[in-house]
Each structure stands twice: as C-alpha cells, then as structure tokens.
Amino acid sequence: EDYLSRDCSVVCPVGDVAGLVTAVRELRADPERRARMTRAAREQALRFSWPVTARKMCDLYERIMEHA
C-alpha cells in the first residue's frame, strides 16, 4: 500500500472475480473517472522516476555525510 494510491487504482481482493468485473464495468461506464485516474496514475508514476529517485538518493547521501 506504500506505492498504491486509491486515486489511480481499484483494489479487489484476490480471487474476487465478481468484484473485478464490477470495477471494470464501472470504469468502462465512467470516462471522466478514467481520465482522473489516468492523470493521477501519471502523477504517481512521476514520483518514482529516475530523476526524482536520484535526487532523493543524493539528498540522503548528503545528509549522511553531514553527520559522518
């Protein structure tokens, strides 16, 4: 759940075929929700892009070196 945003995903319990079918049907019937989820998914993915991850790692190393 650390990497999962309810804004860009639908969670169904493992083995809940009926729940998955319902979720897909609801998304299929709601293009505005799909568009919102698509935007949210892109924003979520950008949080884990290489430039963002590299910057966070460099920041971490700098903080470690300040206290070494």
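Buried denotes under 20% relative accessible area, exposed over 50%, and partly exposed the values in between, with a 1.4 Å probe and protein chains only. The legends below describe a predicted model, in which local features need pLDDT of at least 70, side-chain atom pairs count only at pLDDT 80 or more, and totals for chains, interfaces and linings use all residues. Residues are numbered from 1 along each chain as its sequence is written, and side-chain values use heavy atoms, with hydrogens and water left out.

**View A. Arginine 28 in helix 1.** Arginine 28 belongs to helix 1; helices here are DSSP runs (H or I, at least four residues), numbered from the N terminus. With a relative accessible area of 72%, arginine 28 is exposed. Between the C-alpha atoms of arginine 28 and threonine 53 the distance in space is 33 Å, and the two are 25 residues apart in sequence.

**View B. The crossing of helix 1 and helix 2.** Two packed helices are described by the angle between their axes and the distance between the axes.

**View C. Residues at the meeting of the two helices.** From helix 1, Glu26, Leu27 and Arg28 meet Pro31, Arg33, Arg34 and Met37 of helix 2, where contact means heavy atoms within 4.5 Å. The residues of this contact divide into 3 nonpolar, no polar and 4 charged; Leu, Met and Pro count as nonpolar, and Glu and Arg as charged.

View D. Side chains of opposite charge can pair when their charged atoms come close. The structure holds 1 salt bridge, defined as a side-chain nitrogen of Lys or Arg within 4 Å of a carboxyl oxygen of Asp or Glu. Arginine 33 forms a salt bridge with glutamate 26, and their closest N and O atoms are 3.9 Å apart. Arginine 33 is partly exposed at 26% relative accessibility, and glutamate 26 is partly exposed at 44%.

**View E. Arginine 47 and glutamine 44.** Arginine 47 is found in the loop between helix 2 and helix 3 (50-66) and is partly exposed, at 42% relative accessibility. Glutamine 44 is found in helix 2 and is buried, with a relative accessible area of 12%. Their side chains make a polar contact at 3.0 Å; such a contact is a pair of N or O atoms within 3.5 Å, one able to donate a hydrogen and the other to accept it. Leaving aside neighbours within four places in sequence, arginine 47 is in contact with Val52 and Lys56.
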